[in-house]
Structure formats: structure tokens, C-alpha cells
Amino acid sequence: MPSVIRVVLAEDEVLLREGLVGLLTRFGFAVDAAVGSAPDLLDAVRTHRPDLLVTDIRMPPQHRDDGLRAAVALRAERPDLAVVVLSQHVQSGYAAALLDSGDGNRVGYLLKDRVADVEEFAATLRRVAAGGTAVDPDVVRHLLRRPRDPLGALSPREREVLGLVAEGHSNSAIAARLHVTEAAIGKHVGNILAKLGLPPDEDTNRRVLAVLAHLRAAG
């Protein structure tokens, strides 16, 4: 990851866009461009070739999923482009579309409420820019509450661990959060993958994507 992360920001609400520019600058990011529409987003990323794109999902001109579709198109062109999309509401289908783009790494899906915790937001952007995956906890909980539950074989603790895995946390970070040993978390993760019929994989991002892909397929 570069020492200074170069960012293109896309948000159609002017006040929020300017606030995000200030926040990113405060935390040491370099904002190459801040735009308010999907066509401008495409032009800015192709012109500046940033390390990271942060975009709202709903953008002009159609005010639907223009921002997401632009991000997915750019990931097809540049699989190494880190992308974090922001959404007002939980819409797991959007998360699936983003996670299926590019090489499957360097992606994040966050609710706009997460921006309120500015330090955590900045840390998440850095994690995604470094090759990580970050899925909003509310999106994870939405997936885990679906009526056709593919996770019925998991224990309550395994469900808890799975939620933290899907948010992008490492085994050591999960162990610290749950006040158990890293070895215990490793055992839980192994059990989860086995119960879901997924091959073990030491790569955290691939593990997250595999779990979410399984959830989508079972929905």
C-alpha cells in the first residue's frame, strides 16, 4: 500500500461530499477529485488512476445504482482498484455485486452511518486499500437472518465468529474482541468452513468472499 493513499470521491450531496473531503484529508488521504455524478466518477478514475474509489451507490443521472455500476465497470478495467461503496440502507444484493467484481479483493460495503465513527471509517478505508475486504456489520446480520438459513448447523458462537470474519477481521482481532485465544478462533473458523462445505483457506479475504458467496447461493 502506498504511503499516501490517493482517492477519488463520488457523492452527489454537496455538504456530505465536502465533509468527506475534509475527513479524508485530515486522516492523510490525498483526494485527487471529488465528483457528484456517475459519468464524472468514471472520468475522474480513468484520468487520475487513484488507489481507492469511495462512492455512494445512488448517483445521478438516474439516481438508482449508478455509482455501484460505475464502480463495478471500473473494477472490470482495473481489478486492483480498491473500492468502498456507501449506502443509506442495507441492500445485500449490492454487496454481492461488488464482491463479485474484479479479483474479489480490495472491496468494501459500508452504511453511511459508519462514517460517524471517523477513526474506524478511516481505518476501514486503509484496510481495503491494502487488499482487505470490509462488509458492514448490519449487512452481515441481514444475511444471517434470512428465512432460508444455510447456517442452521452452526452454533451461536460460530455464528458470532462468522459475522466478525465477514466484516473483515483477522483471527487475532476476533480473538481479542471475544477474549479467547487465537487458536480457539482458528478452530471455530475451521468448523464453520467444514459445516458450510467450504475448503479451508488461510487468506482472510478469500475466506470472507467464500462465506458470502455461499450465503448468496443459498438465498
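Predicted model: local features only at pLDDT ≥ 70, side-chain atom pairs only at ≥ 80, totals over all residues.
Is Arg78 buried or exposed? Arg78 is buried, because its relative accessible area is 12% and the cut-off for buried is under 20%.

**Overall layout**

The chain has 10 helices and six strands. Of its 219 residues, 49% count as buried. Consider the contacts between residues at least 6 apart in sequence: 66% of them join residues at least 24 apart.

**Arg78 and its surroundings**

Arg78 sits in the loop between α3 and β4. Beyond its neighbours within four places in sequence, Arg78 contacts Val45, Arg49 and Pro50. Val45 also belongs to the largest nonpolar core.

**The nonpolar cores**

Nonpolar side chains tend to be buried together in soluble globular proteins. Here, the largest nonpolar core holds 24 residues. Leu41, Val45, Leu53, Val83 and Val85 touch the most other members. Two or more residues come from each of β1 (6-10), β2 (30-35), α2 (38-48), α3 (66-77), β4 (82-87), α4 (92-99) and β5 (107-111). A second, separate core has 21 residues, including Leu24, Val54, Leu86 and Leu125.

What does Val83 touch, not counting residues up to four places away in sequence? The list is Leu52, Leu53, Ala71, Arg75, Leu98, Arg106, Val107, Gly108 and Val128.

**Asp56, the annotated site**

UniProt, in an unreviewed entry, places the feature "modified residue: 4-aspartylphosphate" at Asp56. Asp56 is part of strand β3 (residues 52-56). Asp56 counts as buried because its relative accessibility is 6%, and buried means under 20%. Neighbours within four places in sequence aside, Asp56 contacts Ala10, Glu11, Asp12, Gly67, Leu68, Leu86 and Lys112. One of these, Leu86, is in the second core.

**Ser101 and Val72**

Ser101 lies in the loop between α4 and β5. Ser101 has a relative accessible area of 5%, so it is buried. Residues up to four places away in sequence aside, Ser101 touches Val72, Arg75 and Val107.

Val72 is in helix α3. Why does Val72 count as partly exposed? Its relative accessibility is 26%, and partly exposed covers the range between buried, under 20%, and exposed, over 50%.

| Pair | Separation in sequence | C-alpha to C-alpha distance |
|---|---|---|
| Ser101 and Leu74 | 27 residues | 9.2 Å |
| Val72 and Leu98 | 26 residues | 6.3 Å |

**The largest pocket**

How much space lies in the largest pocket? The volume is about 240 Å³. The pocket is lined by 15 residues, and Arg114, Glu120, Thr124, Pro137 and Glu167 are the closest to its centre. Two elements, α5 (118-129) and β6 (133-135), each supply at least two lining residues. The largest share comes from α5, with four residues. By type, the lining divides into eight charged, five nonpolar and two polar residues.

Methods. Residues numbered from 1 in each chain as written. Heavy atoms only, no water. UniProt positions renumbered as here; feature names shortened; annotations may be inferred. Buried < 20%, exposed > 50% of the residue type's maximum accessible area, 1.4 Å probe, protein only. Contact = heavy atoms within 4.5 Å. 1 Å grid on protein atoms, 1.4 Å probe; cavity = no way out; pocket = protein on both sides within 12 Å on 5 of 7 lines; lining within 4 Å. Points joined across faces, edges and corners; volume = space filled by probe spheres on them. Nonpolar A, V, L, I, M, F, W, Y, C, P; charged D, E, K, R; others polar. Core = buried A, V, L, I, M, F, W, Y, C linked by side-chain atoms within 4.5 Å.
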